[in-house]
Amino acid sequence: MPVFPKISLRPEVEKYLKDGFMNKEVVNTLGKAAAERKFETLLKHLSHPPSFTTVRVNTHLTSVQHVKTLLLDEFQKFNGLSVPVLQHSDLEDVLLIPVIGPRKNIKKQQCEAVVGAQCGNAVLRGAHVYVPGIVSASSFMKAGDVISVYSDIKGKCKKGAREFDGTKVFLGNGISARSRKEIFSGLCELKGIGIRMTEPIYLSPSFDNVLPGYLFLQNLPSAVVTHVLHPQPGERVLDLCAAPGGKATHIAALMHDQGEVIALDKIPNKVEKIKQNALLLGLNSIKAFCFDGTKALKHDMTEDTQEGPPFSPESFDRILLDAPCSGMGQRPNMACTWTLKEVMSYQPLQRKLFSVAAQLLKPGGMLVYSTCTITLAENEEQVAWALSTFPCLQLQPQEPRIGEEGMMGAGLSLEQLRQLQRFDPSAVPLQDPDQDALRDATAEDMIQLANKDCIGFFIAKFLKWKSTSEKDPQK
């Protein structure tokens, strides 16, 4: 049962999404009523967190079993939490931790704090509240007080307010580490934990500073996509939009840190984050550069004299394009204030990046395109465009196969749709497991649930079967 309202969207954005999910092909197949129910279910699921926390083990430094044992010990320190830690049957370097909730019997306190929507989303995934995320606090709040925490999902609360009567969602209770006066004094910019969550509505262990170097917190489909790319030791691999480095470090680990992983991002502090993550995880094959991926292709034919971008055509064995996108598949997300223009702005950028990737890929190489959004325009329509624009590319079957097939409506054949993976959060009913239910569930059932109750995501895999410069003999 939903505990939060469905995701709040601008009317024109909701209509745009609905038109995509109720396109003619879908309605003809499912029927109008079923297609509409599926869309409404999706909007409800997007405001709730997935049923599992996913962590990827850095197998370059340690074993999955060792980390599993360490995690169970860590969880005992977390309010004596007793939950299983499951190794994914198809993703051997992935561990799954069930999320308990929503818990319905938490007593709300008189003392309140309101946090921003982004901070609230993190709390629902197991994080504590950091001082910069606190927007409002009761006038009498002191350090050590038990307080109820709410999310300002529409961004209407004024910074420093003493109370807020607008739309807010209860996230649970915690203990304040700072007084209201300290938080809003303005004398210095405070950082660190402001409220330590002790009774979150969704109980999930915090991974703040837990086993650094051994773990990377990652959504399940984000771990799937690197396995689909299937990088091999000794190859030269490009991660075209790499920040914060989760997939780039996964690529390097699957290659046993042998070969070359080039990671690009155009924002300097994000590139530093990639380098920090590579250092923390002990990976030396990653070379990160601050560079605009749309300009990564070298157009003159001079010989390469530097290891960084731009790069010569057809110089990479595999390329991952985890493209910038509207992010409409992220969970939990109770409100999105984006305009329709902003949501639709990503398709042209994705095509620019894809064009560069297609030309940088060697004949015989593999290109994987992925997004964390649910729109038809950024997913299946991009695949249809790519196959039409680049005859040198062919869709490929994907392994492991965990998501569902692609969505109809972009003119792709049924066979082509079966070669795509779309992760649809509406595929299963919303869950509300407690610890007793977890004890009765089998590992196989829980893994199947984790496969479906995750973020919205999309993956397409292409083989470059001939050089970009070769003309299609049929034309």
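Helices H1 and H3 cross in a right-handed way (near helix turned clockwise from the far one by less than a right angle). This is a predicted model, where local features need pLDDT of at least 70 and side-chain atom pairs count only at pLDDT 80 or more, while totals for chains, interfaces and linings use all residues. Numbering runs from 1 along each chain as its sequence is written, and side-chain values use heavy atoms, leaving out hydrogens and water.

**The H1/H3 pair**
- The axes of H1 (residues 11-21) and H3 (residues 32-46) come within 10 Å and cross at roughly 135 degrees; axes are lines fitted to C-alpha atoms over the stretch in contact, with angles from 0 to 180 degrees between N-to-C directions.
- Glu14, Leu17, Lys18 and Phe21 of H1 touch Ala35, Glu36, Phe39, Glu40, Leu42 and Leu43 of H3 (heavy atoms within 4.5 Å).
- Helices here are DSSP runs of H or I with at least four residues, and strands are E runs of at least two.

**Cavities**
- There are four cavities of 30 Å³ or more (sets of points on a 1 Å grid where a 1.4 Å probe fits but cannot get out; lining residues have an atom within 4 Å of a point).

Terms used:
1 Å grid on protein atoms, 1.4 Å probe; cavity = no way out; pocket = protein on both sides within 12 Å on 5 of 7 lines; lining within 4 Å. Points joined across faces, edges and corners; volume = space filled by probe spheres on them.
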